[in-house]
Amino acid sequence: MTPGTAGLRGSPETPGAWRGWREATHEALYGSEGFYRREPAGPAGHFRTSVHASPLFAGAVARLLCRVDEALGRPAVLDFVDMAAGRGELVTGVLTALPAEVAARTRAYAVEVAARPGELDRRVRWLARPPEGVTGLLFANEWLDNVPVEVAQVDAAGVARQVLVRGDGAERLGEPVAGAEAEWLARWWPLPGEEGLRAEIGLPRDEAWASAVATLDAGLAVAADYAHTAAGRPPFGTLTGFRQGRETQPVPDGSCDITAHVALDACAAAHTARRTPEHAPPDALMRPQREALHALGITGARPPLALASTDPAAYVRALASASQAAELTAPGGLGDFWWLLQPVGDLDAAALLVDVTDHEEQ
């Protein structure tokens with residue numbers, strides 16, 4: 001989770017110190033005593049992600065990696081980069097789910113600020129930043145929502161001001177939003193002059209995502225997160241906290257996760273803006289997680305009842321798998337995640353999300 005947090009200063013954790021939400025969140029999550037450094041259970045101890053919900057998710061990512069592999073012509077070395085890897089659950093699951101021939105060519109990386117878990121598969125390279133020159137798939141599951149951002153709020157005069165916060169979670173308004181942050185708000189999240197309206201300024205996430213995509217020489221970068229687009233920005237923002245499986249007030253003291261939904265359309269445009277016209281990138285694609293997973297073979301369909309009489313054990317296994325698939329694709333839950341698929345090189349993102357009848361499922 002280190003990429004995207006550069007340039008922030010740590011400060012003493014005193015309740016009376018007023019700081020912007022970006023600096024306060026960075027220290028609370030990634031400082032020497034931060035939430036992600038000192039929690040032995042990692043994110044799994046405080047909130048349930050798609051990775052933790054079912055091994056089916058890692059299987060779907062492995063299937064996507066196989067499709068990227070085929071689209072790239074099956075290179076001698078195929079890279080898989082797990083951004084914000086937690087304790088390595090996704091990268092481990094992907095390696096387990098890959099066909100033997102693909103796994104033998106796969107070079108796996110986990111990118112995470114926390115220390116490497118002792119029991120992690122030795123094939124996985126543990127890094128603080130994504131490697132350069134990647135050929136393959138970079139997958140960022142719930143990374144961008146933890147890249148710290150500033151928060152803006154409209155005051156009584158209709159002016160958008162930076163929200164300042166103390167270590168105990170108390171807030172007050174600071175200076176008017178200006179410069180590049182004001183330009184970002186004007187383009188991506190315009191705030192009407194109604195007092196109390198809020199927005200998270202996603203500029204650091206745009207920069208973090210563009211930097212991550214830039215590490216690919218060829219392949220696909222995917223961001224999977226709770227997100228919104230310009231067509232439906234939440235009027236009061238989404239900043240919140242999680243502690244021991246429950247949503248809670250975001251308090252930047254290192255005791256909880258602090259997160260906010262992602263303006264994913266702005267992230268997609270950030271990578272495009274870095275490229276020159278003669279090197280225009282292929283079109284990015286955004287899809288709800290339920291659609292992406294359906295295309296990768298996770299449907300949640302119940303097994304035929306007749307199987308219960310012919311092979312009861314197989315029926316029970318299939319029923320459990322269907323239940324897990326339903327959780328991963330459920331409206332109002334994990335199915336409401338959005339996937340941003342950003343291809344690099346001569347790849348068609350839409351072609352990678354094909355019907356489940358393609359060759360690898362046969």
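In which sense do strand S12 and S13 pair, and over how many bridges? Strand S12 (residues 240-243) is joined to S13 by three bridges in the antiparallel sense. Two strands are taken as paired if DSSP finds at least two bridges between them, and the elements are DSSP runs numbered from the N terminus (helices, H or I, at least four residues; strands, E, at least two). The model is predicted, so that local features need pLDDT of at least 70 and side-chain atom pairs count only at pLDDT 80 or more, whereas totals for chains, interfaces and linings use all residues. Residues are numbered from 1 along each chain as its sequence is written, and side-chain values use heavy atoms, with hydrogens and water left out.

Axes are lines fitted to C-alpha atoms, for helices over the stretch in contact, and angles run from 0 to 180 degrees between N-to-C directions.

A second open sheet has seven strands in the order S4-S3-S2-S5-S10-S17-S16, with mixed pairing. Its edges are strand S4 (124-127) and strand S16 (285-288); each has a single partner strand, so one side of each lacks a neighbour in the sheet. From one strand to the next, the twist averages 20°. Strand S2 (residues 78-83) and strand S5 (residues 134-141) run parallel and are joined by five bridges, and phenylalanine 80 has leucine 137 in S5 as its bridge partner. Helix H4 (residues 55-71) packs on this sheet, touching S2, strand S3 (106-111), S5, strand S10 (216-225) and strand S17 (338-344), where contact means heavy atoms within 4.5 Å. The direction of H4 makes about 155° with that of S5. Helix H8 (residues 203-213) also packs on the sheet, touching S5, S10 and S17, and its direction makes about 145° with that of S10.

The lining of the second largest cavity includes Arg205, Leu239, Ile258 and Thr259. By class, this lining has six nonpolar, three polar and two charged residues.

Note on methods
On a 1 Å grid over the protein atoms alone, a cavity is a set of points where a 1.4 Å probe fits but cannot get out, and a pocket is an open set with protein on both sides within 12 Å along at least five of seven lines; lining residues have an atom within 4 Å of a point. Ala, Val, Leu, Ile, Met, Phe, Trp, Tyr, Cys and Pro count as nonpolar, Asp, Glu, Lys and Arg as charged, and the others, Gly among them, as polar.
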